[in-house]
Amino acid sequence: MGEEAELQVTAPEPGISAGSFDDFFRDRFAKVARTMMLVTGDFDAGEELAQEAFARTFARWDRFATLEHATNSVFAVAWNLARSRRRRDSRAKRAAGRAAAEMPPTDETARVNERMVILAALRELSRRQRACVALVDYAGMSDREVAEILGMRPPTVRVHLARGRARLREALRPGGDE
């Protein structure tokens, strides 16, 4: 046995072995998912982004020279996916806002808007005009009843009522100042 065994040292092949992806995934997935959760502010979105980034990394696994290269790549892919998602969500929100603005108002929305316009017009009346209009036109009282409540004579109520109605017609007329 005088012969010495000859050791052959072979240089490692470029790239990462295919079997090492499982270890890579187990070691890094949680960190990538948590990082993307912090980026997006949403745990589920962070996990989805990490899953997609690892799936894309796996598809190109044979192209990575080192684990560090693969780690940097998976983070870069996840970050780019997060940016794309944010842009897509932003466009969708703007489109939804435009669609909502273009939608004809519902009956309830129209009624609320009309009430707001009427209330604003009523605020422009004098206190006595507003009281006369509200008591006669809304509450359905007679000028005598309103006169008694407000401490006026019925002809005075009718004057305030006429002036108040005229100002409301002007304020509420289509195309007029609202």
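Start by selecting R88: this residue is partly exposed, with a relative accessible area of 45%. Here buried means under 20% relative accessible area, exposed over 50%, and partly exposed in between, with a 1.4 Å probe and protein chains only. You are looking at a predicted model, where local features need pLDDT of at least 70, side-chain atom pairs count only at pLDDT 80 or more, and totals for chains, interfaces and linings use all residues. Residues are numbered from 1 along each chain as its sequence is written, and side-chain values use heavy atoms, with hydrogens and water left out.

R88 sits in helix α3 (residues 67–102); helices are DSSP runs of H or I with at least four residues, numbered from the N terminus.

Next, the aromatic rings. The structure holds 11 aromatic pairs, meaning rings of Phe, Tyr and Trp (its six-membered ring) with centres within 6.5 Å; planes under 30 degrees apart are stacked, over 60 edge-to-face, and the rest tilted. Select F21 and W61 to see an edge-to-face pair, 5.0 Å centre to centre with 80° between the planes. This pair links distant parts of the chain, 40 residues apart: F21 is in helix α1 (residues 20–40), while W61 is in the loop between α2 (43–59) and α3. F21 is buried at 9% relative accessible area, and W61 is buried too, at 4%.

Which residue forms a salt bridge with D143? Pick R158: the closest N and O atoms are 2.3 Å apart. A salt bridge is a side-chain nitrogen of Lys or Arg within 4 Å of a carboxyl oxygen of Asp or Glu. D143 lies in helix α6 (residues 143–150) and R158 in helix α7, so the pair ties together parts 15 residues apart in sequence.

The whole structure has six salt bridges. Among them is R56 with E52, at 2.8 Å from N to O; both lie in helix α2, four residues apart, about one turn of the helix. Another joins D23 to R26, with the closest N and O atoms 3.5 Å apart. Of these two, D23 is partly exposed at 42%, whereas R26 is exposed at 59%.

Note on methods:
Helices (H or I, at least four residues) and strands (E, at least two) are DSSP runs, numbered from the N terminus.
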